[in-house]
Amino acid sequence: MAARAIGPVMLELRNIALSFGGVQALRGISFDVRQHEIRAIIGPNGAGKSSLLNVINGVYVPQQGEIVFQGRVRRRMDRHEAARQGMARTFQNIALFKGMSVLDNIMTGRLLKMRCNFLQQALYWGAAQREEIAHRARAEEIIEFLEIEHLRKTPVGRLPYGLQKRVELGRALAAEPCLLLLDEPMAGMNVEEKQDMCRYILDVNQELGTTVVLIEHDMGVVMDLSDRVLVLDYGRKIGDGRPAEVRADPLVVAAYLGNPSMPEGHA
Amino acid sequence: MSELQFFAEVLTGGLLSGLLYALVALGFVLIYKASGVFNFAQGAMVFFAALTYVGCLEKLPRWTGLAADSVLLVWLALLLALAAMLLLALAIERLVLRPLVNQPPQTLFMATIGLAYFIEGLAQGVWGANVRGLELGIQDVPMDWVLDHTGMIVSRFDLFAAGVAATLVTGLALFFRHSRVGRALRAVADDHQAALSVGIPLATIWRIVWAIAGFVALVSGLIWGARNGVQFALTYTALKALPVLILGGFESVPGAIVGGLIVGASEKLAEVYIGPWVGGGVESWFPYMLALLFLLIRPEGLFGEKHMDRV
Amino acid sequence: MLYREAGQFKSSYADDQRIFPLRQDRHAFWALLAAAYVGVPLLANDYWLQAILTPVLIFSLAALGLNILTGYAGQLSLGSAAFMAVGAFAAYNFMLRLPWMPFPLAFVLGGVTAALAGLLFGLPSFRIKGYYLAVATLAAQFFIIWVLTKFPWFSNYSSSGVITAQVLSLAGYKFLTPVSKYLLVLICVSLFALAAKNMTRCAIGRAWMAVRDMDVAASVVGIRLMPVKLLAFAVSSFYCGLAGVLYAYCYIGTVEPEAFSLDLSFRILFMVIVGGMGSILGSFLGAAFIVLLPIGLDHILSALPGAWLPAGFGSNLQLMLFGGLIIFFLIVEPQGLARLWQIAKEKLRLWPFPH
């Protein structure tokens, strides 16, 4: 890993519990995320990884526990507040705006930074026009970074899966987040696409200092990328630490890594 | 007559006409459960069915040479109207539903608005647009027995209509609970893909359900038509099944009945008690406003399940 | 070979963000505007102005309104005509009760009143979506028309709620001729079409589309759903309201609440579907199509040796055609005439090569 100082704790979840009807998705999870680190969450299907991410930025409301973000203690996070405080995320099943172009999707990521009201926009004169063009320039930087210049006017619904994932990352980056939540950014990708995605995540983390929380199934990727790994199983935390430590933890190995049905490299 | 008696009379009248709303709403619920389509054309189907029946009754003596008061005529007209509804159901499945499968619900909804226009145009194009009476042989007169014993005016016709509605609802409920089609329907309502994968023929189920909805429309059309005349305004009356559905939930048969009763009773009470203060005509909007207010408090309906968006 | 973009380089984002990035498109558009503002007033006769062009423009405005709400923000409404009625009756009352008020201000206030009504009936969109909301908008349709019919104050105690539009005059000039009314409508429609285009290509338009396409993701991006939806309702109702004002003052002249019926609401919805959801151009194409179809149908039927046609055949055929066309468009080209136009342009750009 490159020289990049891991800072103090920026996000802490304390004793979070979440259930849907009778199903307990999360049972008393506590964990923290430090500034500038890449924090991976792993676990078998149904372990509660996505639910945990959804609790962090307020898509789900936990029945119990506290969320501490940027020094403020909250019973629940509000989605809007999370975005305003600098959280951005991607979703497991891609939540792009299907009817809009790549460029518009990425511009949507910058909405919170735009100040003009709708009357100014209706006139599209002076401030509103300058603002649109300034933000367009920033959006183009992201498009260039993700190497999708040729697709900027294409409706995202027509893009293949791998590119959609990339656009979704672009939309999250457009918000210039301090905390990036990525839900299986590499699922369903081939090796090359995965390498590209890893590079983007590392670049963002190292050059912009963005903190990343990431759910991933590919153990190779997790071990290479992350600073610390949280392991979930059936809504419980069964491991937490550096990749090497987690890998050696007999509990984790028993529950997950050592599962012979999951071949090495794609555990 | 005492205030309370008057109230009870209005309430009873409202509840009885509410059963008719429930009947129309039942057609919606069946189709919604089976094909996930919010069928805006149900009202048009009611109109089409009633008009076809009346139209056949008019034309049949000339076509067949039967005497105009023959009982056979009624049965023949019923049979023809039923056949027309069946044909309509088959055509809808083939020409509208099948090409639009897997489209978003909003698209299907708008398609049924188009369907409503088409059916209304077709019905009037074939049978003409003039208002017609429909005679079922039941007088819209107070029942002597009730009048003698309670002093309330309860229409014989209303009671008859309510009886028909109740029989139909019970019959359909039993049919869907115990027949193979019913089981298949419930499977389809639960999960289209899963139902397909265990070999339930989706298209057949749709045809059957739309045909049954057509039958329900025919019965509702006959009763509504006998009461108000067979005319275009029937489609507006049938529209009131929509607030009924909102109150009862789109997927619930008991919900449709309870919703119908609530709408029927409350709009009559509103007309009688609020109407005079504001110049009358409250019935035209009251059910919709009621549904609107209800939505703000309990969006999932009386019997609907609360569900959470999963992402 | 005329429709080529070779040699046109966009050297700034401002260039790329113009409404018509292609020079040929720009020229065509200016030519169209010149024709509408100069050619039509010089050449068209009163029948064309009154019976065709003016209503097409007015309904384009209403369709724009509904398109903002349904096509862009994804909130289905079946009550557009009621908001037209609010606009018309509000403008009438402003001019009646405040005679000093110049009519453009009354027109705008008519639209603002409709916007407030839209805001009110948009509130349920906080809890409900899809066809639940559609049923809720039916409440607006029936309730508003009932209020305007039952409370004679709104129509200044005229019989059966009919209002007769006052003569419009500005700085001594009276708008009496069809040409002057046509031009007035044209000015309103071009201004507000431009405003709609601007809104939909800016941040607010993207927020609307985000809410339409995926509301959970929109809220995660930081969009507050409620204000964004309500703004769509308000802007949409403003457009419909203004269309209603123009309908009363520049087209019909004498109008009763029942003219703004559920049927009219549906026709506006049909304009949006046929023209193209989420398209400014589509609103115009759809309005033209739906307004012209019955007129064209009448011409064809009257040209037939039609003694054998039953009474009311035309209007029933019209219903069937409308219904059939809606289903046809939803099945074959859900993005409507606007999409067909776009495909034709792409073909032309590549011509004579197939791809």
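**Notebook: chains A, B and C**

**Entry 1. The two domains of chain A**

I began with the centres of domain 1 and domain 2 of chain A, which lie 27 Å apart when taken over C-alpha atoms. The model is a predicted one, in which local features need pLDDT of at least 70 and side-chain atom pairs count only at pLDDT 80 or more, while totals for chains, interfaces and linings use all residues. Residues are numbered from 1 along each chain as its sequence is written, and chains are lettered from A and ligands numbered from 1 in the order in which they are written.

I looked up the bounds next: domain 1 of chain A covers 1-86 + 177-267, and domain 2 covers 98-175. These bounds come from an automatic or database domain assignment.

I then asked how many residues of domain 1 of chain A are in contact with domain 2 of chain A. There are 10 residues of domain 1 in contact with 9 residues of domain 2; a contact requires that the C-beta atoms of two residues, placed from the backbone, lie within 7 Å. On the domain 1 side, helix H2 (79-84) and helix H7 (191-207) of chain A are the elements that give two or more residues. H7(A) gives the most to that side, with 3 residues. Helices (H or I, at least four residues) and strands (E, at least two) are DSSP runs, numbered from the N terminus.

**Entry 2. Chain A as a whole**

I recorded 10 helices and 10 strands in chain A. The radius of gyration of chain A is 19 Å, close to the 18 Å that the globule rule gives for 267 residues, so chain A is as compact as a globular protein of that length. This radius is taken over C-alpha atoms, and the globule rule is 2.2 Å times the number of residues to the power 0.38. Of the 267 residues in chain A, 45% are buried, meaning that 20 or more other C-beta atoms, placed from the backbone, lie within 10 Å of the residue's own.

I followed strand E9 (residues 228-233) of chain A to its partners. Strand E3 (residues 38-42) of chain A runs parallel to E9(A), and 4 bridges join them; strands pair if DSSP finds at least two bridges between them. Arg39(A) stands opposite Arg228(A) in E9(A).

E9(A) also pairs with strand E10 (residues 236-241) of chain A, in the antiparallel sense and over 5 bridges. Asp233(A) has Arg236(A) in E10(A) as its bridge partner. E9(A) and E10(A) form a hairpin with 2 residues between them, and Tyr234(A) in the turn has a positive phi of about 50°.

**Entry 3. Chain C and its side towards chain B**

I counted 14 helices and 4 strands in chain C. The radius of gyration of chain C is 21 Å, close to the 20 Å from the globule rule for 355 residues, so chain C is as compact as a globular protein of that length. Its C-alpha trace spans about 65 × 60 × 50 Å along the principal axes of chain C.

Finally, I examined where chain C touches chain B: 34 residues of chain C are in contact with 40 residues of chain B. Helix H6 (130-150), helix H11 (262-275) and helix H13 (313-332) of chain C are the elements that give two or more residues to this side of chain C. The residues of this side divide into 27 nonpolar, 5 polar and 2 charged.

Terms used: Ala, Val, Leu, Ile, Met, Phe, Trp, Tyr, Cys and Pro count as nonpolar, Asp, Glu, Lys and Arg as charged, and the others, Gly among them, as polar. A residue is buried if 20 or more other C-beta atoms lie within 10 Å of its own, exposed if 12 or fewer, and partly exposed in between; C-beta atoms are placed from the backbone.
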